[in-house]
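We'll go through a few parts of it in turn.

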Amino acid sequence: MKLRAKSLLSILRNSNHQPHSPPNHHHHHQQQQHRTLVKVRLKWVKNRTLDHTIDTHTDLKAASLLKSAITRSSTGFITSKSISDWQKLLGLTVPTLRFIRRYPTLFEEFPHPRYPSLPCFRLTKFGTTLHNQELSLHQTHEADTVQRLSRVLMMTKNKMLPLQSIHPLKWDLGLPDDFDRTLVQKYPDHFRVVKGLNGLLSLKLEQWPEEFAVSELQKSSENRKLGSFNSEYRQFKRGQTALAFPMSFPRGYGEQKKVKAWMEEFQKLPYISPYDDCSIIDPNSELMEKRVVGVLHELLNLTMYKKTKRNYLRSLREELNLPHKFTRIFTRYPGIFYLSLKCKTTTVALKEGYRRGRLVDPHPLVQLREKFYYVMRTGLVYRNKGLDMIPQLDSLANDEVDAAEQEGSEEEEYEIGDDCSDEEASAVEEDSDED
(Lines give C-alpha, C1' and ligand atoms only; values in the text may rest on other atoms or scores of the structure.)
Protein backbone atom coordinates (compact mmCIF):
# COMPACT_ATOMS: atom_id res chain seq x y z
CA MET A 1 0.00 0.00 0.00
CA LYS A 2 1.41 3.38 -0.93
CA LEU A 3 1.13 6.28 1.54
CA ARG A 4 1.39 9.54 -0.34
CA ALA A 5 2.76 11.82 2.36
CA LYS A 6 5.45 13.04 -0.03
CA SER A 7 2.92 14.57 -2.40
CA LEU A 8 1.12 16.20 0.52
CA LEU A 9 4.38 17.73 1.76
CA SER A 10 4.89 19.09 -1.74
CA ILE A 11 1.46 20.73 -1.65
CA LEU A 12 2.19 22.27 1.75
CA ARG A 13 5.58 23.49 0.59
CA ASN A 14 4.32 25.14 -2.60
CA SER A 15 1.10 26.72 -1.33
CA ASN A 16 1.10 30.28 -0.03
CA HIS A 17 4.81 30.61 -0.75
CA GLN A 18 6.37 33.60 0.95
CA PRO A 19 9.71 34.44 -0.69
CA HIS A 20 10.95 36.70 2.13
CA SER A 21 10.11 34.38 5.01
CA PRO A 22 12.93 32.64 6.93
CA PRO A 23 13.78 29.08 5.83
CA ASN A 24 12.11 27.44 8.82
CA HIS A 25 9.85 25.14 6.79
CA HIS A 26 8.22 23.43 9.75
CA HIS A 27 7.20 26.76 11.25
CA HIS A 28 6.01 27.95 7.84
CA HIS A 29 3.83 24.85 7.35
CA GLN A 30 2.20 25.31 10.74
CA GLN A 31 1.64 29.00 10.03
CA GLN A 32 -0.03 28.46 6.67
CA GLN A 33 -2.17 25.62 7.95
CA HIS A 34 -3.69 28.01 10.49
CA ARG A 35 -4.59 30.60 7.89
CA THR A 36 -7.74 32.33 9.06
CA LEU A 37 -10.84 32.08 6.90
CA VAL A 38 -13.50 34.75 6.94
CA LYS A 39 -16.17 33.54 9.36
CA VAL A 40 -19.54 33.68 7.61
CA ARG A 41 -22.76 32.37 9.08
CA LEU A 42 -25.47 31.96 6.46
CA LYS A 43 -29.13 31.37 7.04
CA TRP A 44 -30.31 27.90 6.14
CA VAL A 45 -32.11 27.91 2.80
CA LYS A 46 -34.71 25.28 2.10
CA ASN A 47 -34.51 23.87 -1.42
CA ARG A 48 -37.99 22.55 -2.15
CA THR A 49 -36.93 20.97 -5.44
CA LEU A 50 -34.19 18.88 -3.84
CA ASP A 51 -36.47 18.08 -0.90
CA HIS A 52 -39.06 16.71 -3.31
CA THR A 53 -36.41 14.56 -5.05
CA ILE A 54 -35.21 13.18 -1.72
CA ASP A 55 -38.80 12.48 -0.66
CA THR A 56 -39.34 10.51 -3.88
CA HIS A 57 -36.14 8.50 -3.39
CA THR A 58 -37.20 7.59 0.14
CA ASP A 59 -40.25 5.72 -1.16
CA LEU A 60 -38.22 4.25 -4.02
CA LYS A 61 -35.56 2.92 -1.63
CA ALA A 62 -38.18 1.44 0.71
CA ALA A 63 -39.86 -0.39 -2.17
CA SER A 64 -36.48 -1.61 -3.43
CA LEU A 65 -35.59 -2.99 0.01
CA LEU A 66 -38.94 -4.79 0.18
CA LYS A 67 -38.27 -6.24 -3.27
CA SER A 68 -34.88 -7.49 -2.09
CA ALA A 69 -36.44 -9.06 1.01
CA ILE A 70 -38.89 -10.97 -1.20
CA THR A 71 -36.16 -12.22 -3.55
CA ARG A 72 -34.05 -13.35 -0.58
CA SER A 73 -36.92 -15.24 1.01
CA SER A 74 -36.83 -19.02 0.59
CA THR A 75 -40.61 -18.99 0.05
CA GLY A 76 -40.59 -16.20 -2.57
CA PHE A 77 -42.90 -14.02 -0.46
CA ILE A 78 -43.05 -12.04 2.78
CA THR A 79 -45.90 -11.86 5.27
CA SER A 80 -47.56 -8.79 6.75
CA LYS A 81 -46.47 -10.02 10.18
CA SER A 82 -42.80 -10.21 9.23
CA ILE A 83 -42.74 -6.60 7.95
CA SER A 84 -44.93 -5.06 10.65
CA ASP A 85 -41.98 -3.55 12.53
CA TRP A 86 -39.92 -2.47 9.50
CA GLN A 87 -41.27 1.09 9.29
CA LYS A 88 -38.24 2.74 10.91
CA LEU A 89 -35.81 0.41 9.16
CA LEU A 90 -37.25 1.42 5.78
CA GLY A 91 -37.33 5.11 6.66
CA LEU A 92 -41.10 5.31 6.19
CA THR A 93 -43.51 7.78 7.74
CA VAL A 94 -46.46 5.37 7.32
CA PRO A 95 -46.93 1.73 8.47
CA THR A 96 -45.17 -0.77 6.20
CA LEU A 97 -48.38 -2.68 5.41
CA ARG A 98 -50.10 0.48 4.20
CA PHE A 99 -47.03 1.38 2.15
CA ILE A 100 -46.68 -1.98 0.36
CA ARG A 101 -50.40 -2.00 -0.52
CA ARG A 102 -49.96 1.32 -2.34
CA TYR A 103 -48.07 -0.38 -5.16
CA PRO A 104 -50.03 -3.33 -6.64
CA THR A 105 -47.99 -3.13 -9.84
CA LEU A 106 -44.94 -4.26 -7.87
CA PHE A 107 -46.32 -6.27 -4.96
CA GLU A 108 -49.09 -8.83 -5.37
CA GLU A 109 -51.10 -9.55 -2.24
CA PHE A 110 -52.47 -13.02 -1.57
CA PRO A 111 -53.54 -15.12 1.47
CA HIS A 112 -50.99 -17.32 3.20
CA PRO A 113 -51.19 -20.97 1.98
CA ARG A 114 -51.66 -22.28 5.54
CA TYR A 115 -53.12 -19.25 7.34
CA PRO A 116 -55.70 -17.62 5.02
CA SER A 117 -56.17 -14.59 7.29
CA LEU A 118 -52.46 -13.69 7.02
CA PRO A 119 -51.75 -11.33 4.05
CA CYS A 120 -48.65 -12.17 2.00
CA PHE A 121 -46.83 -10.31 -0.74
CA ARG A 122 -44.79 -11.48 -3.73
CA LEU A 123 -43.40 -9.68 -6.77
CA THR A 124 -45.66 -9.11 -9.76
CA LYS A 125 -44.35 -9.97 -13.23
CA PHE A 126 -43.32 -6.32 -13.60
CA GLY A 127 -41.40 -6.44 -10.33
CA THR A 128 -39.71 -9.69 -11.34
CA THR A 129 -38.74 -8.27 -14.75
CA LEU A 130 -37.16 -5.19 -13.16
CA HIS A 131 -35.37 -7.33 -10.57
CA ASN A 132 -33.83 -9.48 -13.30
CA GLN A 133 -32.76 -6.35 -15.17
CA GLU A 134 -31.10 -5.12 -11.98
CA LEU A 135 -29.15 -8.37 -11.59
CA SER A 136 -28.01 -8.07 -15.21
CA LEU A 137 -26.90 -4.45 -14.66
CA HIS A 138 -24.86 -5.42 -11.61
CA GLN A 139 -23.00 -7.96 -13.74
CA THR A 140 -22.49 -5.56 -16.64
CA HIS A 141 -21.12 -2.80 -14.40
CA GLU A 142 -19.27 -5.00 -11.93
CA ALA A 143 -15.89 -3.38 -12.65
CA ASP A 144 -17.40 0.02 -11.81
CA THR A 145 -18.80 -1.38 -8.55
CA VAL A 146 -15.42 -2.87 -7.58
CA GLN A 147 -13.78 0.50 -8.21
CA ARG A 148 -16.39 2.40 -6.20
CA LEU A 149 -16.14 0.06 -3.22
CA SER A 150 -12.34 0.08 -3.39
CA ARG A 151 -12.26 3.88 -3.36
CA VAL A 152 -14.46 4.03 -0.28
CA LEU A 153 -12.05 1.68 1.52
CA MET A 154 -9.04 3.64 0.22
CA MET A 155 -10.23 6.73 2.08
CA THR A 156 -10.22 4.95 5.46
CA LYS A 157 -7.23 4.96 7.79
CA ASN A 158 -6.89 1.15 7.96
CA LYS A 159 -8.24 0.47 4.44
CA MET A 160 -11.13 -1.44 5.97
CA LEU A 161 -14.69 -0.86 7.19
CA PRO A 162 -17.01 -2.89 9.42
CA LEU A 163 -19.64 -4.64 7.32
CA GLN A 164 -22.29 -3.18 9.63
CA SER A 165 -21.21 0.29 8.45
CA ILE A 166 -21.29 -0.65 4.76
CA HIS A 167 -24.65 -2.47 4.71
CA PRO A 168 -26.75 0.71 5.30
CA LEU A 169 -24.91 2.29 2.35
CA LYS A 170 -25.55 -0.58 -0.11
CA TRP A 171 -28.44 1.13 -1.87
CA ASP A 172 -26.69 4.50 -1.97
CA LEU A 173 -23.45 3.01 -3.35
CA GLY A 174 -25.26 0.76 -5.83
CA LEU A 175 -23.81 -2.43 -4.36
CA PRO A 176 -25.35 -5.84 -5.05
CA ASP A 177 -27.46 -7.15 -2.19
CA ASP A 178 -24.94 -9.92 -1.49
CA PHE A 179 -21.77 -7.94 -2.23
CA ASP A 180 -20.00 -9.21 0.90
CA ARG A 181 -20.20 -12.73 -0.46
CA THR A 182 -20.12 -12.49 -4.26
CA LEU A 183 -17.56 -9.70 -4.71
CA VAL A 184 -15.22 -11.12 -2.06
CA GLN A 185 -15.31 -14.55 -3.67
CA LYS A 186 -14.90 -13.22 -7.20
CA TYR A 187 -12.22 -10.60 -6.40
CA PRO A 188 -9.99 -12.07 -3.65
CA ASP A 189 -7.12 -9.87 -4.86
CA HIS A 190 -9.24 -6.79 -4.03
CA PHE A 191 -11.29 -7.67 -0.95
CA ARG A 192 -11.17 -9.89 2.10
CA VAL A 193 -13.51 -10.26 5.06
CA VAL A 194 -11.52 -10.06 8.31
CA LYS A 195 -12.16 -9.51 11.99
CA GLY A 196 -11.38 -5.90 12.84
CA LEU A 197 -9.63 -4.54 15.93
CA ASN A 198 -13.05 -4.03 17.53
CA GLY A 199 -13.99 -7.66 16.86
CA LEU A 200 -16.46 -6.75 14.10
CA LEU A 201 -16.42 -8.49 10.73
CA SER A 202 -14.93 -5.99 8.30
CA LEU A 203 -14.23 -5.65 4.60
CA LYS A 204 -10.54 -5.04 3.97
CA LEU A 205 -8.82 -3.76 0.84
CA GLU A 206 -6.15 -6.25 -0.21
CA GLN A 207 -4.15 -3.98 -2.51
CA TRP A 208 -3.77 -0.28 -3.31
CA PRO A 209 -4.90 0.36 -6.91
CA GLU A 210 -3.05 3.58 -7.65
CA GLU A 211 -5.20 4.25 -10.72
CA PHE A 212 -8.26 4.57 -8.45
CA ALA A 213 -6.62 7.20 -6.23
CA VAL A 214 -7.84 10.16 -8.27
CA SER A 215 -10.74 12.09 -6.81
CA GLU A 216 -13.83 13.12 -8.78
CA LEU A 217 -12.87 16.77 -8.31
CA GLN A 218 -9.47 16.09 -9.86
CA LYS A 219 -11.05 14.15 -12.74
CA SER A 220 -13.58 16.86 -13.55
CA SER A 221 -10.94 19.58 -13.35
CA GLU A 222 -8.59 17.69 -15.64
CA ASN A 223 -11.36 17.05 -18.16
CA ARG A 224 -12.26 20.73 -18.24
CA LYS A 225 -8.65 21.70 -18.87
CA LEU A 226 -7.96 19.17 -21.61
CA GLY A 227 -10.19 20.95 -24.11
CA SER A 228 -8.94 24.45 -23.50
CA PHE A 229 -5.28 23.69 -22.69
CA ASN A 230 -5.71 25.96 -19.69
CA SER A 231 -2.59 26.14 -17.53
CA GLU A 232 -4.50 26.00 -14.24
CA TYR A 233 -4.59 22.21 -14.05
CA ARG A 234 -0.91 21.94 -15.02
CA GLN A 235 -0.12 24.40 -12.24
CA PHE A 236 -2.14 22.28 -9.81
CA LYS A 237 -0.19 19.17 -10.83
CA ARG A 238 3.02 21.05 -9.97
CA GLY A 239 1.56 22.11 -6.62
CA GLN A 240 1.32 25.77 -7.59
CA THR A 241 -2.42 26.23 -7.20
CA ALA A 242 -5.45 24.61 -5.60
CA LEU A 243 -8.48 23.01 -7.18
CA ALA A 244 -11.77 24.83 -6.61
CA PHE A 245 -14.92 23.12 -5.38
CA PRO A 246 -18.00 23.95 -7.45
CA MET A 247 -20.34 26.11 -5.38
CA SER A 248 -23.89 27.30 -5.94
CA PHE A 249 -25.99 29.56 -3.77
CA PRO A 250 -29.57 30.83 -3.93
CA ARG A 251 -29.87 34.05 -5.88
CA GLY A 252 -28.12 36.92 -4.11
CA TYR A 253 -26.21 34.87 -1.53
CA GLY A 254 -23.08 34.41 -3.63
CA GLU A 255 -22.87 38.14 -4.35
CA GLN A 256 -22.61 39.17 -0.70
CA LYS A 257 -19.16 40.63 0.01
CA LYS A 258 -18.50 38.46 3.06
CA VAL A 259 -19.57 35.32 1.22
CA LYS A 260 -17.38 36.12 -1.78
CA ALA A 261 -14.39 36.81 0.46
CA TRP A 262 -14.98 33.57 2.35
CA MET A 263 -15.30 31.53 -0.86
CA GLU A 264 -12.12 33.02 -2.29
CA GLU A 265 -10.08 32.36 0.87
CA PHE A 266 -11.39 28.80 1.15
CA GLN A 267 -10.70 28.01 -2.50
CA LYS A 268 -7.12 29.31 -2.21
CA LEU A 269 -6.28 26.73 0.44
CA PRO A 270 -4.44 23.70 -1.01
CA TYR A 271 -6.65 20.85 -2.13
CA ILE A 272 -5.80 17.63 -0.28
CA SER A 273 -6.80 14.43 -2.04
CA PRO A 274 -9.00 12.22 0.16
CA TYR A 275 -6.67 9.36 -0.84
CA ASP A 276 -3.57 11.04 0.63
CA ASP A 277 -2.28 10.29 4.10
CA CYS A 278 -3.40 13.22 6.30
CA SER A 279 -1.39 12.41 9.45
CA ILE A 280 0.99 15.33 8.87
CA ILE A 281 -1.83 17.91 8.81
CA ASP A 282 -2.62 19.82 11.99
CA PRO A 283 -6.09 18.48 13.01
CA ASN A 284 -7.17 21.97 14.15
CA SER A 285 -6.07 23.80 11.01
CA GLU A 286 -8.06 25.32 8.18
CA LEU A 287 -6.21 22.94 5.88
CA MET A 288 -7.66 19.97 7.74
CA GLU A 289 -11.10 21.53 7.40
CA LYS A 290 -10.66 21.68 3.65
CA ARG A 291 -9.46 18.08 3.67
CA VAL A 292 -12.67 17.10 5.51
CA VAL A 293 -14.73 18.92 2.88
CA GLY A 294 -12.81 16.98 0.22
CA VAL A 295 -13.46 13.60 1.87
CA LEU A 296 -17.20 14.26 2.21
CA HIS A 297 -17.33 15.65 -1.34
CA GLU A 298 -15.68 12.49 -2.69
CA LEU A 299 -17.79 10.07 -0.66
CA LEU A 300 -21.03 11.72 -1.80
CA ASN A 301 -19.73 11.66 -5.38
CA LEU A 302 -19.33 7.88 -5.13
CA THR A 303 -23.02 7.38 -4.30
CA MET A 304 -25.66 6.76 -6.96
CA TYR A 305 -27.66 9.87 -6.07
CA LYS A 306 -24.84 12.09 -4.77
CA LYS A 307 -26.45 11.97 -1.33
CA THR A 308 -26.84 9.84 1.77
CA LYS A 309 -28.16 10.05 5.32
CA ARG A 310 -26.14 12.05 7.81
CA ASN A 311 -26.19 9.17 10.31
CA TYR A 312 -24.59 6.84 7.76
CA LEU A 313 -21.68 9.28 7.50
CA ARG A 314 -21.44 9.50 11.27
CA SER A 315 -20.94 5.75 11.48
CA LEU A 316 -17.84 6.21 9.26
CA ARG A 317 -16.40 9.13 11.23
CA GLU A 318 -13.55 7.33 12.97
CA GLU A 319 -12.50 5.27 9.95
CA LEU A 320 -12.46 8.35 7.69
CA ASN A 321 -10.42 10.41 10.19
CA LEU A 322 -13.18 12.99 10.54
CA PRO A 323 -13.38 15.31 13.58
CA HIS A 324 -16.04 14.76 16.24
CA LYS A 325 -18.28 17.60 15.10
CA PHE A 326 -17.70 17.22 11.38
CA THR A 327 -21.42 17.56 10.56
CA ARG A 328 -21.21 21.32 11.07
CA ILE A 329 -19.27 21.32 7.78
CA PHE A 330 -22.59 20.84 5.96
CA THR A 331 -24.06 24.08 7.31
CA ARG A 332 -20.75 25.94 7.07
CA TYR A 333 -20.45 25.16 3.34
CA PRO A 334 -24.01 25.45 1.97
CA GLY A 335 -22.66 26.21 -1.50
CA ILE A 336 -21.33 22.65 -1.67
CA PHE A 337 -23.71 20.64 0.50
CA TYR A 338 -27.45 20.71 1.10
CA LEU A 339 -29.15 19.40 4.25
CA SER A 340 -32.66 18.07 3.78
CA LEU A 341 -34.95 17.29 6.71
CA LYS A 342 -37.50 15.31 4.72
CA CYS A 343 -38.99 12.07 6.05
CA LYS A 344 -38.02 12.73 9.68
CA THR A 345 -34.30 12.30 9.00
CA THR A 346 -31.39 14.39 7.79
CA THR A 347 -30.04 13.74 4.31
CA VAL A 348 -26.85 15.32 2.95
CA ALA A 349 -26.75 16.02 -0.79
CA LEU A 350 -23.98 17.27 -3.05
CA LYS A 351 -25.46 20.29 -4.79
CA GLU A 352 -23.33 20.06 -7.93
CA GLY A 353 -24.78 16.59 -8.62
CA TYR A 354 -28.21 18.07 -9.38
CA ARG A 355 -29.65 20.52 -11.82
CA ARG A 356 -33.32 21.51 -11.41
CA GLY A 357 -33.84 18.61 -9.06
CA ARG A 358 -32.50 15.97 -11.46
CA LEU A 359 -29.17 14.17 -11.47
CA VAL A 360 -26.66 15.68 -13.88
CA ASP A 361 -25.05 12.36 -14.81
CA PRO A 362 -27.27 9.40 -13.81
CA HIS A 363 -25.71 5.94 -13.53
CA PRO A 364 -27.42 3.13 -15.54
CA LEU A 365 -28.66 1.69 -12.24
CA VAL A 366 -30.35 5.02 -11.51
CA GLN A 367 -32.05 4.89 -14.91
CA LEU A 368 -33.38 1.43 -14.10
CA ARG A 369 -34.63 2.70 -10.75
CA GLU A 370 -36.53 5.40 -12.64
CA LYS A 371 -38.39 2.61 -14.43
CA PHE A 372 -39.01 1.01 -11.06
CA TYR A 373 -40.45 4.25 -9.72
CA TYR A 374 -42.61 4.68 -12.82
CA VAL A 375 -44.15 1.25 -12.21
CA MET A 376 -44.67 2.18 -8.56
CA ARG A 377 -46.41 5.44 -9.41
CA THR A 378 -48.60 3.78 -12.02
CA GLY A 379 -49.81 1.37 -9.35
CA LEU A 380 -50.46 4.23 -6.96
CA VAL A 381 -52.59 6.07 -9.52
CA TYR A 382 -54.70 3.04 -10.45
CA ARG A 383 -54.81 1.11 -7.18
CA ASN A 384 -58.40 2.14 -6.38
CA LYS A 385 -59.69 1.39 -9.88
CA GLY A 386 -58.85 -2.30 -10.04
CA LEU A 387 -55.77 -3.97 -11.49
CA ASP A 388 -57.53 -4.38 -14.83
CA MET A 389 -57.32 -0.59 -15.26
CA ILE A 390 -53.52 -0.57 -15.06
CA PRO A 391 -51.95 0.23 -18.45
CA GLN A 392 -49.90 -2.46 -20.09
CA LEU A 393 -46.30 -2.25 -18.88
CA ASP A 394 -44.93 -5.25 -20.76
CA SER A 395 -42.86 -3.06 -23.08
CA LEU A 396 -41.14 -1.42 -20.13
CA ALA A 397 -38.26 -3.91 -20.30
CA ASN A 398 -37.00 -2.38 -23.53
CA ASP A 399 -38.38 1.15 -23.36
CA GLU A 400 -36.93 4.25 -21.78
CA VAL A 401 -39.14 6.06 -19.32
CA ASP A 402 -40.29 9.33 -20.84
CA ALA A 403 -38.68 12.22 -19.01
CA ALA A 404 -42.08 13.91 -18.93
CA GLU A 405 -43.32 11.08 -16.74
CA GLN A 406 -40.65 11.72 -14.15
CA GLU A 407 -41.05 13.99 -11.18
CA GLY A 408 -39.01 17.14 -11.32
CA SER A 409 -39.34 20.89 -11.39
CA GLU A 410 -38.10 23.08 -14.20
CA GLU A 411 -36.91 25.60 -11.64
CA GLU A 412 -35.41 25.16 -8.21
CA GLU A 413 -37.54 26.61 -5.44
CA TYR A 414 -35.74 28.08 -2.45
CA GLU A 415 -37.04 29.28 0.87
CA ILE A 416 -34.93 31.18 3.39
CA GLY A 417 -34.57 29.49 6.75
CA ASP A 418 -36.33 32.28 8.69
CA ASP A 419 -39.49 31.58 6.72
CA CYS A 420 -39.36 27.84 7.42
CA SER A 421 -40.92 26.21 10.42
CA ASP A 422 -39.21 26.64 13.79
CA GLU A 423 -38.83 22.85 14.00
CA GLU A 424 -36.90 22.70 10.73
CA ALA A 425 -34.65 25.64 11.52
CA SER A 426 -33.79 24.27 14.97
CA ALA A 427 -33.05 20.85 13.48
CA VAL A 428 -30.46 22.39 11.16
CA GLU A 429 -28.90 24.34 14.01
CA GLU A 430 -28.77 21.20 16.11
CA ASP A 431 -27.18 19.29 13.27
CA SER A 432 -24.40 21.83 12.96
CA ASP A 433 -23.38 21.41 16.59
CA GLU A 434 -24.09 17.83 17.58
CA ASP A 435 -22.24 14.64 16.88
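This is a predicted model: local features need pLDDT of at least 70, side-chain atom pairs count only at pLDDT 80 or more; totals for chains, interfaces and linings use all residues.

**A walk through the fold**

In strand E7, Ser202 is the bridge partner of Pro162. That contact belongs to the pairing of E5 (residues 160–162) with E7 (residues 201–205), which is antiparallel and runs over three bridges; two strands count as paired if DSSP finds at least two bridges between them. Residues are numbered from 1 along each chain as its sequence is written, and side-chain values use heavy atoms, leaving out hydrogens and water.

E7 has another partner in E6 (residues 191–195), again in the antiparallel sense, over five bridges. Here Phe191 stands opposite Leu205. E6 and E7 make a hairpin with five residues between them, and Gly199 in that turn has a positive phi of about 85°.

Positive phi also turns up in residues other than glycine. Lys306 has a phi near 55°, and it lies in the loop between H14 and strand E8 (307–309). Lys306 counts as buried because its relative accessibility is 17%, buried being under 20% relative accessible area, exposed over 50% and partly exposed in between (1.4 Å probe, protein chains only). Arg356 has a phi near 55° as well; its loop is the one between strand E11 (354–355) and strand E12 (358–359). With a relative accessible area of 46%, Arg356 is partly exposed.

Now step back to H14 itself. The expected span is 1.5 Å times one less than the number of residues.

H6 has 16 residues and reaches 23 Å from first C-alpha to last, close to the expected 22 Å. Its buried residues include Phe126, Leu130, Leu137 and His138. Seen down the axis, the buried residues of H6 fall within an arc of 160°, so they line one face of the helix; the arc is taken over the directions from the helix axis to the C-beta atoms. Turned away from that buried side are the exposed residues Lys125, Gln139 and Thr140.

The structure holds one cavity of 30 Å³ or more, a cavity being a set of points on a 1 Å grid over the protein atoms alone where a 1.4 Å probe fits but cannot get out. The largest cavity has a volume of about 50 Å³, counted as the space filled by probe spheres set on the points, which are joined across faces, edges and corners. Its lining residues, those with an atom within 4 Å of a point, include Leu137, His138, Asp144, Arg148 and His363. Helices H6 (125–140) and H7 (142–154) each supply at least two lining residues, and H7 gives the most, with three.

To finish, find Thr331 in helix H16 (residues 328–332). Thr331 and Val45 are 286 residues apart in sequence and 10.0 Å apart in space, C-alpha to C-alpha.

Technical notes:
On a 1 Å grid over the protein atoms alone, a cavity is a set of points where a 1.4 Å probe fits but cannot get out, and a pocket is an open set with protein on both sides within 12 Å along at least five of seven lines; lining residues have an atom within 4 Å of a point. Helices (H or I, at least four residues) and strands (E, at least two) are DSSP runs, numbered from the N terminus.
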